[in-house]
2 protein chains.
Amino acid sequence: MPALRRRQACRQTRIEDLTTRNLKITLEYDGNRYVGWQRQAEGESIQGLLEDALAKFEGGPVTAHGAGRTDAGVHALGQVASAHVSFTHPPATIGRGLNATLPEDIRVIGVADMPEDFHARFSARSKTYRYQMSTDPIGDPFSRRLVWQLREQLDLETMARAAATLVGTHDFAAFQSAGTDVTTTVRTIVRSDIVMLPAGPPGAPARFAYDVTADGFLRHMVRAIVGTLVEIGRGRRDAESLAQLLDGGTRAQAGATAPPHGLFLVRVDYDEESP
Amino acid sequence: MPALRRRQACRQTRIEDLTTRNLKITLEYDGNRYVGWQRQAEGESIQGLLEDALAKFEGGPVTAHGAGRTDAGVHALGQVASAHVSFTHPPATIGRGLNATLPEDIRVIGVADMPEDFHARFSARSKTYRYQMSTDPIGDPFSRRLVWQLREQLDLETMARAAATLVGTHDFAAFQSAGTDVTTTVRTIVRSDIVMLPAGPPGAPARFAYDVTADGFLRHMVRAIVGTLVEIGRGRRDAESLAQLLDGGTRAQAGATAPPHGLFLVRVDYDEESP
């Protein structure tokens with residue numbers, strides 16, 4: 001509601017606040033401690049903490065819209081929020097101020113001024129998620145909150161072959177959790193890959209990941225795809241069975257939902273080259 | 001007390017238990033949740049959890065001696081423990097069983113049979129510690145528990161030059177916390193370097209580290225050296241001032257003790273090539 005927010009801004013005293021400002025805020029976070037992006041009745045949310053931090057600048061309530069409503073325990077390397085505000089600080093000052101207020105597991109990594117009609121979710125052209133996994137039989141104490149540690153051998157080549165069959169425009173209803181009210185379950189996946197990750201220094205998670213880019217995602221869609229890919233990697237399901245779930249399969253025919261802590265919202269892309 | 005333990009073992013019923021067995025157990029752990037290696041009256045310790053897990057195999061109490069008594073919040077990539085036991089399971093079975101009992105942030109990465117007189121601490125020839133730091137002004141949500149995030153620029157070249165002056169046999173009393181009762185504060189450092197770490201995948205901590213290998217360490221010695229090196233990196237202290245603290249300096253003349261969560265016991269080396 002930009003118009004409403006603009007009217008609210010007019011009630012401020014300073015002349016430079018007569019028009020509202022539309023901020024794009026890019027965030028990284030470790031989702032382990034949170035109920036998810038979205039503000040809830042109980043528990044701490046990323047949205048709630050960001051809005052509270054913005055309210056300190058604004059001297060009043062601010063609404064932040066997130067590009068992806070990451071679930072409890074899901075992380076972000078490049079979540080994007082948009083918020084109409086009336087304060088006039090330079091972007092770098094806002095970024096430093098927000099980071100001084102936010103807890104250390106949520107970091108603002110970019111602040112930019114955007115046109116009035118930019119909306120983090122509705123303007124998004126595509127989103128990219130990464131789901132981190134490892135097959136290490138012992139497990140790694142340092143990345144256990146950021147990687148799904150499967151502790152068994154998986155056939156990664158077959159998983160990669162299956163993952164590639166998801167590219168294109170399909171009905172992904174078989175990979176959607178119940179309890180949502182979307183108008184269509186058709187989405188377009190432009191990238192769907194198993195990627196090997198370099199072994200990093202201590203604390204580096206993961207040996208491999210599932211990377212997926214689409215114009216939009218249904219509820220728990222990435223985690224349902226990953227759960228199904230893992231069943232393929234275990235040899236309990238054919239690589240070909242994944243494509244058979246598209247355009248008519250049911251949720252019960254797909255695999256279990258993978259746990260949240262391996263999932264990262266990596267990037268959100270917009271039509272125009274946004275800063 | 002091998003003799004006492006051998007007598008206890010004789011009270012077991014099985015013939016193969018008549019002689020005790022000396023296990024070398026290599027461990028990785030994330031120290032954030034623990035009071036440290038050493039069993040304490042309050043709180044969970046690595047030693048306590050390992051001894052409890054060994055007691056399940058033994059059917060009675062087991063004492064585990066650690067090579068390094070890591071403090072609360074300090075991690076390990078290669079802590080070594082030794083324990084006299086009487087059970088006869090193969091090493092791989094013991095490793096799997098201990099990992100099934102231990103929490104996910106403590107992992108046994110090696111189990112081997114050793115000669116009767118092997119002792120994790122007294123047989124150690126040298127230990128290597130790594131202290132992870134970053135200068136990233138924003139901070140990284142995923143590695144904040146494994147890296148000292150300094151959030152300011154440091155002169156790493158001057159720090160490296162200062163670090164190198166510690167190599168050799170010196171009195172390190174200036175880098176020892178009070179409250180210990182060691183017979184000598186002389187130690188021999190064979191390696192003392194600032195190393196750049198590769199940027200890994202999400203969750204990878206650190207941009208650089210202080211790596212140090214010595215025949216032994218005094219209480220909080222690595223953290224006191226790191227605290228002093230950081231003051232040098234900030235330009236508040238000359239590179240040359242570090243060497244001046246050796247062989248006669250006092251704790252008050254050195255820098256503050258760096259926080260525990262950046263420190264890892266990386267490796268313990270023994271005279272013979274031990275498995």
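User: What counts as a salt bridge, and how many does the rule find across the interface of chain B and chain A?

Analyst: A salt bridge is a side-chain nitrogen of Lys or Arg within 4 Å of a carboxyl oxygen of Asp or Glu. The model examined here is predicted. Applied across the interface of chain B and chain A, the rule finds six salt bridges.

User: Which residue of chain A meets Glu104(B) in a salt bridge?

Analyst: The distance from N to O in this pair is 3.4 Å. The cut-off is 4 Å, so the pair qualifies as a salt bridge. The partner of Glu104(B) is Arg151(A).

User: Which strands of chain B each supply at least two residues of the side that touches chain A?

Analyst: Between chain B and chain A, five residue pairs are in polar contact. On the side of chain B that touches chain A, at least two residues come from each of β1 (21-29), β3 (75-85), β4 (106-114) and β5 (124-134).

User: What area is buried between chain B and chain A?

Analyst: The contact involves 30 residues of chain B and 30 residues of chain A. Carbon and sulfur atoms give 64% of the buried area. That area is about 2,500 Å².

Terms used. Residues numbered from 1 in each chain as written. Chains lettered and ligands numbered in written order. Predicted model: local features only at pLDDT ≥ 70, side-chain atom pairs only at ≥ 80, totals over all residues. Heavy atoms only, no water. Contact = heavy atoms within 4.5 Å. Buried area = accessible area lost by both parts, 1.4 Å probe. Polar contact = N/O pair within 3.5 Å; in protein donor to acceptor, adjacent residues only side chain to side chain. Helix = DSSP H or I, 4+ residues; strand = E, 2+ residues; numbered from the N terminus.
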